[in-house]
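User: Got a model I'd like to go through with you. Can we start with the surface and work inwards?
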Amino acid sequence: MFDAIRNRYALTCPEQAGTTWVAVSAFRRVRRLRGATAPAVFRVDFDCECGQRHETLVSHDRLDREPLGSESTGTYMNLLTGRRELVATEFADQATDQLRKGNWPWTFWCHPESAIRPGFPSSLRFVTPEHEHGDQRVGVLVRCFHCARHTVNIVSRDHLDVPWHADPAIEFVAQVFDGDQLEPEERFRHQLWEGPSRVQWLADAG
Ligand SMILES: [Zn+2]
Ligand SMILES: [Zn+2]
Ligand SMILES: [Zn+2]
């Protein structure tokens with residue numbers, strides 16, 4: 001499940017014999033599992049609170065739709081009605097409203113198209129923070145939902161972790177990336193934070 005208050009997924013931690021809470025910004029790599037189509041399944045590598053990196057399988061629905069409240073079973077006290085209501089209902093209503101207005105839960109800059117495009121957690125290929133802790137910038141290699149090409153965006157943790165929250169400005173690398181050139185993750189990380197990538201500032205992205 002996805003905790004819509006803390007903006008974290010419940011994923012399996014083998015060290016703690018149970019689940020742990022994981023934000024999108026703690027993902028490190030997302031790969032679509034070959035062969036699984038209905039539903040699609042993704043292999044997610046994430047940095048766990050236990051200090052280790054784990055790999056787990058997450059269905060497409062869980063990854064992209066639970067954060068929008070469509071599967072959550074949490075409840076909250078609605079102060080207007082005085083009743084305990086399903087968080088899912090509230091968040092799903094909010095999601096429907098936002099989508100009607102043309103807003104997307106996640107957006108990223110697509111360099112090949114020079115446009116802001118929608119994306120989802122499943123659109124991420126690599127996620128690498130500039131530093132391991134704190135609220136600093138996070139670099140992501142994201143596959144465009146529209147044209148399927150890749151761009152490196154540099155965003156805040158909230159931009160990734162909180163659906164419907166968009167940074168007022170996004171940094172991006174003005175370079176066309178071929179996913180194969182960037183593996184393994186260490187090379188992506190090196191190119192992004194220590195290498196020759198030219199980072200440009202994109203104002204008014206949101
Ligand atoms: Zn763990
Ligand atoms: Zn540093
Ligand atoms: Zn695109």
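Analyst: Terms first. Patches are made of residues with over 30% relative accessible area and no salt bridge, with like charges joined within 9 Å and nonpolar side chains (Val, Leu, Ile, Met, Phe, Trp, Tyr) within 5 Å. A salt bridge is a Lys or Arg side-chain nitrogen within 4 Å of an Asp or Glu carboxyl oxygen. Accessible areas are Shrake-Rupley, 1.4 Å probe, and for residues only the protein chains shown count as cover.

Analyst: The model is predicted: local features need pLDDT of at least 70, side-chain atom pairs pLDDT 80 or more, while totals for chains, interfaces and linings use all residues. Residues are numbered from 1 along each chain, chains are lettered from A and ligands numbered from 1 as written, and side-chain values use heavy atoms, without hydrogens and water.

User: Which residues form the nonpolar patch on the surface?

Analyst: Leu99, Trp104 and Phe145, with about 300 Å² of accessible area together.

User: Where does Phe145 lie?

Analyst: In the loop between β12 (138–143) and β13 (150–155). Strands are DSSP E runs of at least two residues, numbered from the N terminus.

User: New topic. What are the protein donors of the zinc ion?

Analyst: Cys13 (SG), Cys48 (SG), Cys50 (SG) and His54 (NE2), 2.1 to 2.3 Å from zinc (ligand 1). Donors here are N, O and S atoms within 2.8 Å of the metal (3.2 Å for Na, K and Ca); water is not among the atoms, so sites may look incomplete.

User: What spacing do they follow along the chain?

Analyst: The donors follow C-x34-C-x1-C-x3-H.

User: Is His54 buried or exposed?

Analyst: Buried, at 6% relative accessibility. Buried means under 20% relative accessible area, exposed over 50%, partly exposed in between (1.4 Å probe, protein chains only). Cys48 is buried too, at 8%.

Conventions
Helix = DSSP H or I, 4+ residues; strand = E, 2+ residues; numbered from the N terminus.
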